[in-house]
Amino acid sequence: MCTIDRVPIEEELQKLTTEDVFTAEITAKQTSEILHFAAKHLPKLEGIEHVKRILQHHNVSLEIARSPVPVKPPYTKEQFDEWKLIWPVSFRPLTKLRIELEDEDRRFIVKCLEEIKDAKMVVMAKHSEVIARARDGTAGGHPLKHAAMCCIALVADMEVERRRAGVLVPLKRPASPLPQDPEEREKSPQAMGYLCEGMDVFSTKEPCVMCCMALVHSRIGRLFFLEESKSGGISYYSMHSLKALNHHFTAYKCSM
Ligand SMILES: [Zn+2]
């Protein structure tokens, strides 16, 4: 039995934080008039657009007060159910999180996971085709030769070979616009993109921080790993989804 569970992104793990806003109590009858006035004359709720203007309750005393509201919008149903108790908020689940694996894709993933199981290795694939395989090389005395680093290095070597063979033209600056001719465009430096752009990475062990950063830099698309590490780049640092980083990928924790 194989399970493939998406690892939540940073936003989904966010705990409730609040900030105070000024609130004034109004009678129900005034609601539409005041909402109209607020839309016309008050500044927008910048940064807290998810916070609704109105909270309904029953004992009206017509006082101005400070009330806490959730700072961040809720990303999960659980967050929404908890946060709306503080103050009404709107809930729009991120469309990028609705990811279903298609049957054919799943079959390929399971095949790759079977290969790496117990092997301390990393396999990289693109469009359901394996591109590179590497094992952990730290036993040879080099502390940085983690399987993911070795696999990225292999892809880089292949890229160097491809360019040397004239398949692709090395990147020259400044970049010019993409050529019109499809064949020329394919070979153009601007079309080459990043080293592992959109690739699937299968790893026996959860990659460490160093390897995760290398995966971010090389722009992988998805990561599948079997053995979770509590101090790992994904489980501990959520490096697949950190807002501070300029690339994000989908991470899956799997078991066989
Ligand atoms: Zn590593």
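**Reading the cores and the sheet**

Guide: The largest nonpolar core has 27 residues, and Met124, Leu215, Leu223, Ile234 and Phe249 have the most contacts inside it. This is a predicted model: local features need pLDDT of at least 70, side-chain atom pairs pLDDT 80 or more, while totals for chains, interfaces and linings use all residues. Residues are numbered from 1 along each chain as its sequence is written, and side-chain values use heavy atoms, without hydrogens and water.

Visitor: What is a nonpolar core?

Guide: In soluble globular proteins, nonpolar side chains tend to be buried together. A core is a set of buried Ala, Val, Leu, Ile, Met, Phe, Trp, Tyr and Cys residues joined through side-chain atoms within 4.5 Å. Buried means under 20% relative accessible area, with a 1.4 Å probe and protein chains only.

Visitor: Which element gives the largest share of this core?

Guide: Helix 4, with six residues. Helices are DSSP runs of H or I, at least four residues; strands are runs of E, at least two; both are numbered from the N terminus.

Visitor: What is the strand order in the open sheet?

Guide: Two strands pair if DSSP finds at least two bridges between them. Here six strands run in the order 1-8-7-6-4-5, with mixed pairing. Strand 1 (3-6) and strand 5 (129-135) each have a single partner strand, so one side of each lacks a neighbour in the sheet.

Visitor: How many bridges join strand 1 to strand 8?

Guide: Four, and the two strands run antiparallel. Threonine 3 has serine 255 of strand 8 as its bridge partner.

Notes
Buried < 20%, exposed > 50% of the residue type's maximum accessible area, 1.4 Å probe, protein only.
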